[in-house]
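Welcome to a short tour of this model. Have the structure open beside you, and let us walk through its core and its helix packing together.

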Amino acid sequence: MFCTQVHHLGLGICINLKQLNKNLLYLQCRYAKIVKKSHMNGEITEETTSVSFNYGKEPDYIKVYLDNIVVLAEIQGWISKVLYELIKGVTYANKGQFIIINSGYKRIVAENLGIKQQSVTNAVNQLTKKNILIKKETGVFLLNPQFFGRGEWKDISKIRYEVELSADGKVMRLKDTN
């Protein structure tokens with residue numbers, strides 16, 4: 001915590017910035033104005049008025065790795081919109097960076113985008129062919145860590161190097177971690 005006082009103005013300012021956990025950054029700013037009052041009996045009292053405000057956690061984000069962005073640039077139109085919706089449901093890398101894509105989730109994505117559920121299924125198939133999604137089992141996909149990462153690098157790197165890509169973006173090897 002950093003605090004300072006500006007005595008001649010009667011102000012005290014404190015800034016508290018701390019990392020509460022990997023996703024929550026806490027910033028608290030507080031200032032106080034101190035007013036000294038003299039009373040008829042000679043007594044001096046202090047009156048403090050303080051205000052504080054907080055900023056919470058950073059919004060969620062996904063990392064996009066530039067070394068393979070050429071493959072992502074080929075995805076356009078409604079398929080890219082489906083991808084962006086699917087990415088919102090990906091787990092953090094320390095939990096495998098999986099997306100559960102069942103019929104209920106497809107229906108929600110379709111409603112959000114104003115398209116048919118079959119279009120979502122078609123987009124998932126196209127994203128799987130381009131190895132952006134890697135099917136682990138029915139309804140469970142790995143968001144390819146060569147393209148995207150969610151979470152801390154120490155966790156992303158563990159799954160990132162389980163997937164090897166050829167020069168044209170094809171999966172050469174996916175190490176089974178089960």
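Helices here are DSSP runs of at least four residues (H or I) and strands are runs of at least two (E), both numbered from the N terminus. By that count, the protein chain has five helices and 11 strands. Please keep in mind that this is a predicted model.

**The chain as a whole**
- The protein chain has 178 residues, and 34% of them are buried.
- Among contacts with a separation of 6 or more, 48% join residues 24 or more positions apart.
- The chain exposes about 11600 Å², with carbon and sulfur atoms supplying 54% of that area.

**The nonpolar cores**
- The largest nonpolar core has 24 residues, and those with the most contacts inside it are Leu86, Ile99, Leu127, Ile132, Leu133, Leu143 and Phe148.
- Two or more residues each come from helix 1 (69–73), helix 2 (77–87), helix 3 (103–113), helix 4 (117–129) and strand 8 (140–143).
- Helix 2 gives the largest share of this core, namely five residues.
- Another core, of six residues, lies apart from it and includes Ala93, Leu142, Ile156 and Ile159.
- As a general background, nonpolar side chains in soluble globular proteins tend to be buried together.

**Helix 2 and its cover**
- The buried residues of helix 2 are Ile79, Ser80, Val82, Leu83, Glu85, Leu86 and Ile87.
- Their cover includes strand 6 (98–100), helix 3, helix 4, strand 7, strand 8 and strand 9 (148–149).
- Beyond its neighbours within four places in sequence, Leu86 is in contact with Ile99, Ile101, Tyr105, Val109, Val124, Leu127 and Leu133.

**Helix 2 against helix 4**
- The axes of these two helices come within 9 Å and cross at roughly 90 degrees.
- Angles of 65 to 115 degrees count as roughly perpendicular, and helix 2 and helix 4 are therefore roughly perpendicular to each other.
- On the helix 2 side, the contact involves Trp78, Ile79, Val82, Leu83 and Leu86.
- Helix 4 meets them with Ser119, Val120, Asn122, Ala123, Val124, Gln126 and Leu127.
- The residues of this contact are nine nonpolar, three polar and no charged.

**Helix 3 against helix 4**
- Here the axes come within 8 Å and cross at roughly 110 degrees.
- Helix 3 and helix 4 are therefore also roughly perpendicular to each other.
- Ser103, Lys106, Arg107, Val109 and Ala110 of helix 3 make the contact with Gln117, Val120 and Thr121 of helix 4.
- This contact divides into three nonpolar, three polar and two charged residues.

**Two strand residues to look at**
- Leu133 sits in strand 7 (residues 133–137).
- Is Leu133 buried or exposed? With a relative accessible area of 0%, Leu133 is buried.
- Setting aside residues within four places in sequence, Leu133 is in contact with Leu86, Ile99, Ile101, Val124, Leu127, Thr128, Phe141, Leu142 and Leu143.
- Val140 belongs to strand 8.
- Buried means under 20% relative accessible area, so Val140, at 17%, counts as buried.
- Which residues does Val140 touch, not counting those up to four places away in sequence? They are Phe98, Ile99, Ile100, Ile134 and Lys135.

Key:
Residues numbered from 1 in each chain as written. Predicted model: local features only at pLDDT ≥ 70, side-chain atom pairs only at ≥ 80, totals over all residues. Heavy atoms only, no water. Core = buried A, V, L, I, M, F, W, Y, C linked by side-chain atoms within 4.5 Å. Buried < 20%, exposed > 50% of the residue type's maximum accessible area, 1.4 Å probe, protein only. Contact = heavy atoms within 4.5 Å. Axes fitted to C-alpha atoms, helices over the stretch in contact; angles between N-to-C directions. Parallel < 35°, antiparallel > 145°, perpendicular 65-115°, else oblique. Nonpolar A, V, L, I, M, F, W, Y, C, P; charged D, E, K, R; others polar. Areas by Shrake-Rupley, 256 points an atom, 1.4 Å probe, with all protein chains shown as cover.
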